[in-house]
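Please keep the sequence and the structure open while reading.

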Amino acid sequence: MYNKCNREMMNESDGIVIDINKLIQGKNLTELDVQVLNYIVQNIDTVLYKGVREIAKENYTSPATVIRLSKKLGYTGFVDMYYQLVPLVNSAKLQQTEIIGDFPEIRLQDFFEYNTMEEIELFIEKVLHLRQNFIFIYATGFSAIVAEYLYKKLLVLGKKTIIASGTDSIGVFENNLEDIGALVVISKSGETQQVIDKLHAAKEHNIFTVSFTKETDNRTAEIADLAFKLFDNNKLDDRNMLPNIFFPRLVTLFEYILKVHFEQLNKNNDEE
């Protein structure tokens, strides 16, 4: 099995940094598997022509290892793996070379590229309208910083809210399961195992679950009852080393949801 050091290995080519952490998470790869994958990503422009045998030779292993790697990652074979990795790697390279000169803007319409007003209204109904039970917010890493913002925002609005991150005891969550009405998780990648574990536990206790992740397919969004997705400018930059407005978009989405919430409250008061 690969260790922590392997999980944090990155490829650098012509100043381009490509983090493969989320490609390998939960895949039960060996250290040799990670080495071969790093090699493939770093040499993505030539590996198809080199073929499985040459890749294996340059990594002092067998062709069978390369084929097994592709299977472990969920692909049908080496060629399938190559064609799935190419757009990810090329996109990461393009974004890193252009992001400073062409910094993206946050636009309201961006929220509705992957989400709907009906989903926002469902969040308001299932989360913001909770009266007796708690809202539990969970996130790790950079996502935990944004989770703290949402937590404090909900507190000043008088919402009963609990927050926890990867540094907290699991008991903070497990000891409050009976009093949680909604679990809100934030994970840019959507593949953080601690987040996924919380979602499964919540589902077993019939707790309504909400996720905020990047826009591509991910396990967190698949599990959650309500999944919000936002565009991630650097999908392979797992350690957030590059300029990215995923988290600013997320904070803005929070504020927009609250805007809709207050508009509904004002409308109801006018009708009364």
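The model is predicted. Its protein chain has a mean pLDDT of 85, and 87% of the residues reach 70 or more. Two packed helices are described by the angle between their axes and the distance between the axes.

**Confidence**

- Over residues 1–16, pLDDT stays under 50.
- For residues 1–16 the model has 44 contacts beyond four places in sequence.

**Helix 4 and helix 5**

- Helix 4 covers residues 47–58 and helix 5 covers residues 63–72; they pack at an angle of about 110 degrees, and their axes are 8 Å apart.
- Because an angle from 65 to 115 degrees counts as roughly perpendicular, helix 4 is roughly perpendicular to helix 5.
- The crossing of helix 4 past helix 5 is right-handed.
- On the helix 4 side, the contact is made by Val 52, Arg 53, Ile 55 and Ala 56; on the helix 5 side, by Pro 63, Val 66 and Ile 67.
- Of the residues in the contact of helix 4 with helix 5, six are nonpolar, none is polar and one is charged.

**Helix 3 and helix 4**

- Helix 3, residues 31–42, packs with helix 4 at an angle of about 150 degrees, and the axes are 11 Å apart.
- Angles over 145 degrees count as roughly antiparallel, so helix 3 is roughly antiparallel to helix 4.
- Helix 3 and helix 4 have a right-handed crossing.
- Helix 3 brings Val 36, Tyr 39 and Ile 40 to the contact, where they meet Val 47, Lys 50, Ile 55 and Glu 58 of helix 4.
- The contact of helix 3 with helix 4 has five nonpolar residues, no polar ones and two charged ones.

**Helix 3 and helix 5**

- The angle between helix 3 and helix 5 is about 90 degrees, with 10 Å between their axes.
- Helix 3 and helix 5 are therefore roughly perpendicular to each other.
- Leu 32, Asp 33, Val 36, Leu 37 and Ile 40 of helix 3 make the contact with Thr 65, Val 66, Leu 69 and Lys 72 of helix 5.
- The residues in the contact of helix 3 with helix 5 comprise six nonpolar, one polar and two charged.

**Aromatic rings**

- The count of aromatic pairs, with ring centres within 6.5 Å, comes to nine.
- In the pair of Phe 212 and Phe 228, the ring centres are 5.0 Å apart and the planes are at 10 degrees, so the pair is stacked.
- Phe 212 lies in strand 6 (residues 208–214) and Phe 228 in strand 7 (residues 226–230), so this pair ties together parts that are 16 residues apart in sequence.

Conventions:
Residues are numbered from 1 along each chain as its sequence is written. This is a predicted model: local features need pLDDT of at least 70, side-chain atom pairs count only at pLDDT 80 or more; totals for chains, interfaces and linings use all residues. Side-chain values use heavy atoms; hydrogens and water are left out. pLDDT is the predictor's confidence in each residue, from 0 to 100. Contact means heavy atoms within 4.5 Å. Axes are lines fitted to C-alpha atoms, for helices over the stretch in contact, and angles run from 0 to 180 degrees between N-to-C directions. Helices (H or I, at least four residues) and strands (E, at least two) are DSSP runs, numbered from the N terminus. Angles under 35 degrees count as roughly parallel, over 145 as roughly antiparallel, 65 to 115 as roughly perpendicular and the rest as oblique. A crossing is left-handed if the near helix is turned anticlockwise from the far one by less than a right angle, and right-handed if clockwise. Ala, Val, Leu, Ile, Met, Phe, Trp, Tyr, Cys and Pro count as nonpolar, Asp, Glu, Lys and Arg as charged, and the others, Gly among them, as polar. Rings of Phe, Tyr and Trp (its six-membered ring) pair if their centres lie within 6.5 Å; planes under 30 degrees apart count as stacked, over 60 as edge-to-face and the rest as tilted.
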